[in-house]
Amino acid sequence: MNKLKYILGVLILPIMVACQKTEPVKPTFDVSIAKQDYKVGDTVLFSIRGYADLISFYSGEQGKEYRFKDRIEAGDTKLKLNISTQTLYATQRNNLSLMYSTDFNSSYTTAGVRAATWTDITSRFTLASDAVPLANSVVTVSGEVDLSDLPVSNTPIYFAFRFLGQPSATPGLGARTWRIPVFDLYNVDAKTSVRRATIASVTTAGWLGVDIENPVNKWTIQSGTPFLFFAPASTLLATEDWAVSAALFPNAAVPDVGVGIKDYLKPMSDYKYAFTKEGTYTITFVGKNVNNRGEEAVVKTLTIVVSK
């Protein structure tokens with residue numbers, strides 16, 4: 001038995017060494033189609049010839065484009081924000097502002113907030129009316145507001161709700177309560193305006209309260225409706241409080257990925273696919289031969305037109 005093991009070891013060792021020293025060769029595979037024009041729902045037959053250890057397929061549809069396989073930031077989107085607000089009680093007006101910063105250092109302290117450059121963008125939004133004293137306003141939706149001019153490439157952006165209350169003689173003349181039930185930050189496709197991804201909501205933006213003046217008053221951040229609100233406990237003294245978001249990356253993008261249609265154990269075969277929407281698609285097949293010495297890849301690209 002020991003002699004047999006020795007013989008097998010002697011035979012296998014050179015094979016293993018050879019495998020470790022041999023560089024992978026380029027795949028020889030190729031892909032073709034019978035025609036370029038198809039209808040929605042048609043089955044497209046991709047004829048695959050030759051050989052590759054691994055083959056991936058990128059259909060060219062949104063989220064499945066080979067050209068975006070390495071991207072971490074999208075340059076073809078627009079940043080949008082929709083908020084809703086409501087005022088309650090008291091009479092003082094214009095207590096709430098919406099601010100943003102691209103140089104806040106994530107120090108959620110008075111010094112940290114004051115050290116950052118903040119820009120007031122309140123005027124871009126329709127806020128709840130606080131013109132009627134001692135009355136509760138309706139919940140007011142701002143509508144979709146384009147903030148595409150705010151982001152800086154590879155730089156996080158921070159949003160903040162700043163509450164400023166002036167000193168008052170009586171509670172009835174003081175600062176009003178503000179509720180923010182909705183904060184919906186997302187991006188859309190620049191060409192089609194189709195929503196791509198939600199960046200943050202009122203419950204996921206990572207709000208943290210920063211008290212600047214009058215520590216009796218604080219932002220309330222909770223998991224239930226109205227989620228984010230400021231209800232001053234004391235209105236006789238001046239108040240300044242901030243609710244600042246976490247670092248948000250509005251242009252961040254998840255790289256597109258292909259579908260693996262062949263692995264080492266699967267034999268070479270043709271591939272079928274049907275498109276559900278009309279359009280012109282750049283389809284990509286990536287064939288790879290891989291071993292412990294590296295990999296060799298061949299990329300094959302086809303273009304088809306899909307109509308109704």
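Start by selecting R71, R196, A253, V254 and D256: of the 16 residues that line the second largest pocket, these lie nearest its centre. The model on screen is a predicted one.

**The second largest pocket**

The space in this pocket comes to about 240 Å³. Which domains supply the lining of the second largest pocket? Domain 1 (30–71 + 254–306) and domain 2 (77–244) each give at least three residues.

**The two domains**

Now colour the chain by domain. The assignment for the protein gives domain 1, made of 30–71 and 254–306, and domain 2, made of 77–244.

**The largest pocket**

Next, select G60, E61, Q62, E65 and D189. Among the 22 residues that line the largest pocket, these are the closest to its centre. The largest pocket holds about 730 Å³ of space.

Which strand gives the largest share of this lining? Select residues 279–291 to see strand β19, which contributes five residues to the lining of the largest pocket. By class, the lining of the largest pocket divides into nine charged, eight polar and five nonpolar residues. With the domain colours still on, look at the lining again: domain 1 and domain 2 each supply at least three residues to the largest pocket.

**A salt bridge**

Move on to R49 and D270 and show their side chains. The two meet in a salt bridge, with 3.0 Å from N to O. Where in the chain do the partners sit? R49 belongs to strand β3 (residues 43–49), while D270 is in the loop between β17 (259–262) and β18 (271–274). The pair links distant parts of the chain, as R49 and D270 are 221 residues apart. Side chains of opposite charge can pair when their charged atoms come close. Across the model, the count of salt bridges comes to 16.

**Confidence**

Finally, colour by pLDDT. The protein averages 89, and 93% of the residues score at least 70. Then select residues 1–20, where the pLDDT is below 50. Beyond near neighbours in sequence, this stretch has five contacts in the model. Where pLDDT is low, the predicted coordinates should not be read in detail.

Conventions: Residues numbered from 1 in each chain as written. Predicted model: local features only at pLDDT ≥ 70, side-chain atom pairs only at ≥ 80, totals over all residues. Heavy atoms only, no water. pLDDT = per-residue confidence, 0-100. Contact = heavy atoms within 4.5 Å. 1 Å grid on protein atoms, 1.4 Å probe; cavity = no way out; pocket = protein on both sides within 12 Å on 5 of 7 lines; lining within 4 Å. Points joined across faces, edges and corners; volume = space filled by probe spheres on them. Helix = DSSP H or I, 4+ residues; strand = E, 2+ residues; numbered from the N terminus. Nonpolar A, V, L, I, M, F, W, Y, C, P; charged D, E, K, R; others polar. Domains from an automatic or database assignment. Salt bridge = Lys/Arg side-chain N within 4 Å of Asp/Glu carboxyl O.
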